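Please keep the sequence and the model at hand while reading.

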Amino acid sequence: MLHTFYKYLVTSELHKKQSHKSMAKKSSSISTLVFLLLPLLLQFYSGKCELQLNYYSESCPQAEDIIKEQVHTLYYKHGNTAVSWIRNLFHDCIVKSCDASLLLESVNGIESEKKSSRSFGMRNFKYVNTIKTALESACPATVSCADIVALSARDGAVMLGGPHIEMKTGRKDSKGSYLTEVDSFIPDHNDSMSSVLSTFQSVGVDAQGTVALLGAHSVGRVHCLNVVHRLYPSVDPSLNPEYAEYLKGRCPNPQPDPLLVEYARNDRETPMVLDNMYYKNLLSHKGLLSIDQELLSDPTTSPYVQMMAADNTYFHDQFSRALLVLSENNPLTGEEGEVRKDCRFVNKS
């Protein structure tokens, strides 16, 4: 009897110890889980989520394919749209945030950023809404205009012979514009190189990346209004004489009408290809804008010009890296912004 009772006490004590160990183990596991989930829980609590690859994989799995299809279709109808997509990303993302504030029209107290002199010559905004309409048809109120800006630039670069870039998504759209701040964020074509480098550095793009992003000038065209100061009353001595004659032929009027179609191209050899011909032209003193040619004369940027002129793959690699950094500049996420139904207007409250 005593033996049985003793055995019971030992067994009971053993079960208690095992139970305590099990509870301690469970408690430790729960603590570890809470520790790991805490940052995520705090994000949801604050309404903020980071950008991520395949953000729409569940809410709109076909989103990126729809954007790519629309970019392709528009390119074959209007080839210059691909150039517009790249410029849209630059103008939108460098001004405070990648939030599609650029696309807003002047209405209900909002002053559009398109009114800025820095936006002169920008076009094809209406086709952003073509893409948006296709997305709304498939997944209403799901894909943001800010992500359309980013992904259309990515796909547009490919259509121009540039590199494919893996981009994160999850940006939200702003509820306002920043017209009064545009001039302080977007460099002017006559700014000094040090000023341009400082502007890009403020959004995380280094000197090498800045040189690569300016390589986007390889495609598209520039209005004579931004060129004539290098031609009249006398030709800028840094210009190749033959190239200066071409520019005078394209821009014969020292005071061009901004409403007329008077344009010159930076790259006459491969005008619709995003390649390193831009840098080869700089080495031959055929930079269209003052800031283009200054890339070669500035000691900080000149080595990168020479490297990119010698290696198109190197240019593409640096362009991809810099565009990715720019595309992730201070995005609105979670509940910080909204998903506009029409990219031109904020949603009605």
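Contact here means heavy atoms within 4.5 Å. Helices (H or I, at least four residues) and strands (E, at least two) are DSSP runs, numbered from the N terminus.

In helix 12, which spans residues 302–310, the residues Ser302, Val305, Met308 and Ala309 are buried. Because they cover an arc of only 125 degrees around the axis, they lie on the same side of helix 12. The arc is taken from the directions from the helix axis to the C-beta atoms. Buried means under 20% relative accessible area, exposed over 50%, and partly exposed in between (1.4 Å probe, protein chains only).

## Basis of the model

The model is predicted: local features need pLDDT of at least 70, and side-chain atom pairs count only at pLDDT 80 or more, while totals for chains, interfaces and linings use all residues. Residues are numbered from 1 along each chain as its sequence is written, and side-chain values use heavy atoms, with hydrogens and water left out.

## The chain as a whole

The chain has 13 helices and two strands. Of its 349 residues, 48% are buried. Among contacts with a separation of 6 or more, 75% join residues 24 or more positions apart.

Serine 297 belongs to helix 11 and, at 56% relative accessibility, counts as exposed. Its C-alpha atom is separated by 9.8 Å from that of leucine 283, 14 residues apart along the chain.

The largest pocket has a volume of about 1,100 Å³. Its lining has 39 residues, and Arg87, His91, His217, Val222 and Leu289 are the closest to its centre. A pocket is found on a 1 Å grid over the protein atoms alone, as an open set of points where a 1.4 Å probe fits, with protein on both sides within 12 Å along at least five of seven lines; lining residues have an atom within 4 Å of a point. Grid points are joined across faces, edges and corners, and the volume is the space filled by probe spheres set on the points.

Helix 3 (81–93), helix 7 (193–201), helix 8, strand 1 (222–223) and helix 13 each supply at least two residues of the lining of the largest pocket. Helix 3 gives the largest share, six residues. The lining of the largest pocket comprises 22 nonpolar, 11 polar and six charged residues. Ala, Val, Leu, Ile, Met, Phe, Trp, Tyr, Cys and Pro count as nonpolar, Asp, Glu, Lys and Arg as charged, and the others, Gly among them, as polar.

The second largest pocket holds about 210 Å³ of space. Residues that line the second largest pocket include Leu104, Glu105, Lys341, Asp342 and Arg344. Its lining divides into five nonpolar, two polar and five charged residues.

## Aromatic pairs

The whole structure contains seven aromatic pairs. In one of them, tyrosine 55 and tyrosine 56 are edge-to-face, at 4.9 Å centre to centre and 90 degrees between the planes. Rings of Phe, Tyr and Trp (its six-membered ring) pair if their centres lie within 6.5 Å; planes under 30 degrees apart count as stacked, over 60 as edge-to-face and the rest as tilted. Tyrosine 55 is partly exposed at 27% relative accessibility, whereas tyrosine 56 is buried at 4%.

The rings of phenylalanine 315 and phenylalanine 319 have their centres 5.9 Å apart and their planes at 55 degrees, so this pair is tilted. Both phenylalanines are buried. Because phenylalanine 315 and phenylalanine 319 are four residues apart in helix 13, about one helical turn separates them. Tyr278, Tyr279, Phe315 and Phe319 form one aromatic cluster.
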